[in-house]
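The questions below go through strand pairing, salt bridges, a surface patch and aromatic pairs. Each answer ends on the item asked for.

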Amino acid sequence: MVYIKPFDVEEWMNDHETQCRYNIAETCCDSLSLADLASLSTDATPNSNANPLAGMLHKRLDYGAIRGSTALRSAIATLYSPPLHPDNILITPGAIAANLLVFYALVGPGDHVIVLHPTYQQLHAVPASLGAEVSLWPLRRTTSAAGGAWTANVRDLAALIKRNTRMIVVNTPNNPTGAVLPASVIRRVLELARERGIVVLGDEVYSPIFHTPDVVVPSILSLAGALPPASPTATSASASALQPGGASARMEEVNVIVTGSLSKAYALAGIRIGWIASRTPNLLSRTASARDYTTISVSQLDDAVAAFALSPAVRPSLLARNVTLAATNARILDAFIGRCSRWISYVKPLAGTTAFVQVRNSAGEPVDDVAFCETVLRDVGVLVVPGGRCFGVAEGEFRGYVRVGFACDRKVLEEGLAAVAAWIEKGGVDAL
């Protein structure tokens, strides 16, 4: 029987999110209703219908298009540069299912997987459950007068690569830190992967919420398409990760597969739509074969809403709404950090919807993050996520860290943070 570790962050949310007054643990942009979504349409065509489900009222609710409707896959294909063919897109019930299918199809016993860390637990726990050896490529926190950064050193990654390394997993924009891997770092990752015949999986569920000026990084899939050609020696020497058992195959391009969803960046978690995208046919066909065992198709209703959201008449205004929300709320979070700087520090998130903040007592010692989260929930009704429990792997790792989801309703964030600040100033931290 496959053993899968308890999914700490999801269990934390399941146990507590209905008990709070202020949920600033959630990582989706403030969720929309269908009416909200329809109001964002800029389609001025006469007789146009801004109802996302208008075309579904008289449609038979059979399985629909097995891999996702052409309309939805075509819309997703345009998110990448150059645009993909719709056949390069596979629709899934959320990105969590997309990631699971990629691991299930491409990773097994005897393989080695390298995962950027910290990250969503699924990205290292699932390959480990499938019998793969997992190594963590660390994001390291640096400090400076400007506030510091979370950075990943490509030399650290290169040192982790083994003969049996099958996959490198990168989550950018990153959950929980809000860090973004620069394009220069991603290109080097892609070059290393191409040289060694390693698949790169990019979890991009928080893209394109780039709320920091001058910080915009294209999709890993787009950057891979713009890489200069590999040398003939490197190409012929590569051992492809596409075939079971590491059998060799000719590699003319780096093998990249990315996942995304409508949940985080598009504020539509309730429709459960995600996707897998790749320019490598063998990667996509293998994940599609695995998908046959888990998902016949996604809901036609969800598919229709997703296609509407990603249409040219809606997507620009939808993203503008969410990026503006994230930018505004990031400033509110920063003001809270400034108010409580005696006890709390962080690296400003560059993108996405999450921040990783560290809480210390007056003696400068990191607090017990679980006790902190349980106590602020009990005392002031604010829900946040304990970083050590939900993102740490080694004993004591990320002690005192708390993940804050700041792209929620602005009033919820303001009032929740104000309640925490008042609790801290009354001695709450030092009483833990």
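Q: In which sense do S7 and strand S8 pair, and over how many bridges?
A: Strands here are DSSP runs (E, at least two residues; helices are H or I, at least four), numbered from the N terminus, and two strands pair if DSSP finds at least two bridges between them. S8 covers residues 256-261. S7 and S8 pair in the parallel sense, over four bridges.

This is a predicted model, in which local features need pLDDT of at least 70 and side-chain atom pairs pLDDT 80 or more, while totals for chains, interfaces and linings use all residues. Residues are numbered from 1 along each chain as its sequence is written, and side-chain values use heavy atoms, with hydrogens and water left out.

Q: Which residue of S8 stands opposite Asp203?
A: Asp203 belongs to one covered side of S7, together with Val199 and Leu201. Its opposite residue in S8 is Thr259.

Q: Which residue in S7 is the bridge partner of Val170?
A: Strand S6 (residues 165-171) runs parallel to S7, and five bridges join them. S6, H7 and S7 make a right-handed β-α-β unit (with the strands pointing away from the viewer, the path from the first strand over the helix to the second runs clockwise). The partner of Val170 in S7 is Gly202.

Q: How many of the residues of strand S7 are buried?
A: Buried means under 20% relative accessible area, exposed over 50%, and partly exposed in between (1.4 Å probe, protein chains only). In a regular strand the side chains alternate between the two faces of the sheet. Val199, Leu201 and Asp203 on one side of S7 and Val200 and Gly202 on the other are all buried. For S7 (residues 199-203), the count is five of five.

Q: Which residues are joined with Arg188 into one salt-bridge network?
A: A salt bridge is a side-chain nitrogen of Lys or Arg within 4 Å of a carboxyl oxygen of Asp or Glu. Glu191 and Arg188 form one at 3.4 Å, and both lie in helix H7 (residues 183-196), three residues apart, about one turn of the helix. Another salt bridge joins Asp334 and Lys348 at 3.5 Å. As for Arg188, the network includes Glu191 and Glu195.

Q: How many residues apart in sequence are the parts tied together by Asp334 and Lys348?
A: The closest N and O atoms of Asp334 and Lys348 are 3.5 Å apart. Asp334 lies in helix H12 (residues 315-339) and Lys348 in the loop between strand S10 (344-346) and strand S11 (354-359), so the separation is 14 residues.

Q: Is Arg60 buried or exposed?
A: Arg60 meets Asp62 in a salt bridge (3.7 Å, N to O). Asp62, at 44% relative accessibility, counts as partly exposed. Because its relative accessibility is 65%, Arg60 counts as exposed.

Q: How many aromatic pairs does the structure hold?
A: Rings of Phe, Tyr and Trp (its six-membered ring) pair if their centres lie within 6.5 Å; planes under 30 degrees apart count as stacked, over 60 as edge-to-face and the rest as tilted. By this rule the number of aromatic pairs is eight.

Q: What is the pair of Phe7 and Tyr120 called by its ring planes?
A: Phe7 lies in the segment before helix H1 (8-16) and Tyr120 in the loop between strand S3 (112-117) and helix H5 (122-129), so the pair ties together parts 113 residues apart in sequence. The ring centres are 5.0 Å apart and the planes at 55°, so the pair is tilted.
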